[in-house]
Amino acid sequence: VKQFLEEQGITVMMTRENDDVPKNKREDMKKRVDFINEINPEIMVCIHQKKIRVIKYQERNICLVYIS
C-alpha cells in the first residue's frame with residue numbers, strides 16, 4: 001500500500017513498519033498518537049491484520065489466502 005501510494009505522488013508516513021510486538025503496548029500507542037499529532041496529516045489510515053495464512057497448490061497454480 002505504501003509503495004502504491006508513493007507511486008501516485010502521495011507522501012506516506014508510517015507509525016510502524018514491522019511486526020515486532022512492543023513490550024508496553026500502551027506506551028507504543030502513545031508514541032504513535034504523538035507522532036500522528038506532530039505531523040498533522042490530512043488523513044490517517046490504520047490497516048490492521050491479525051493473522052494471515054497462505055496455502056499454495058503449485059500443480060494447479062492456485063493460491064488461497066485466509067485473513068482473520
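Val 45 sits in the loop that runs between helix 2 (25-39) and strand 1 (52-57), where helices (H or I, at least four residues) and strands (E, at least two) are DSSP runs numbered from the N terminus. The model is predicted, with local features needing pLDDT of at least 70 and side-chain atom pairs counting only at pLDDT 80 or more, while totals for chains, interfaces and linings use all residues. Residues are numbered from 1 along each chain as its sequence is written, and side-chain values use heavy atoms, leaving out hydrogens and water.

Ile 47 is found in the loop between helix 2 and strand 1.

| Residue | Relative accessibility | Class |
|---|---|---|
| Val 45 | 60% | exposed |
| Ile 47 | 63% | exposed |

Val 45 and Ile 47 belong, with Val 1 and Ile 43, to a nonpolar surface patch whose accessible area together is about 470 Å²; patch members have over 30% relative accessible area and no salt bridge, with nonpolar side chains joined within 5 Å. Although Ile 47 and Val 1 are 46 residues apart in sequence, their C-alpha atoms are 9.7 Å apart in space.

The largest pocket holds about 1400 Å³ of space. Its lining has 34 residues, with Met 14, Thr 15, Val 45, Cys 46 and Ile 47 nearest the centre of the pocket. Helix 2 gives the most to this lining, with eight residues, and the lining residues divide into 19 nonpolar, five polar and 10 charged.

Notes:
Patch = residues over 30% accessible without salt bridge, like charges linked within 9 Å, V, L, I, M, F, W, Y side chains within 5 Å. Areas by Shrake-Rupley, 256 points an atom, 1.4 Å probe, with all protein chains shown as cover. Salt bridge = Lys/Arg side-chain N within 4 Å of Asp/Glu carboxyl O. Buried < 20%, exposed > 50% of the residue type's maximum accessible area, 1.4 Å probe, protein only. 1 Å grid on protein atoms, 1.4 Å probe; cavity = no way out; pocket = protein on both sides within 12 Å on 5 of 7 lines; lining within 4 Å. Points joined across faces, edges and corners; volume = space filled by probe spheres on them. Nonpolar A, V, L, I, M, F, W, Y, C, P; charged D, E, K, R; others polar.
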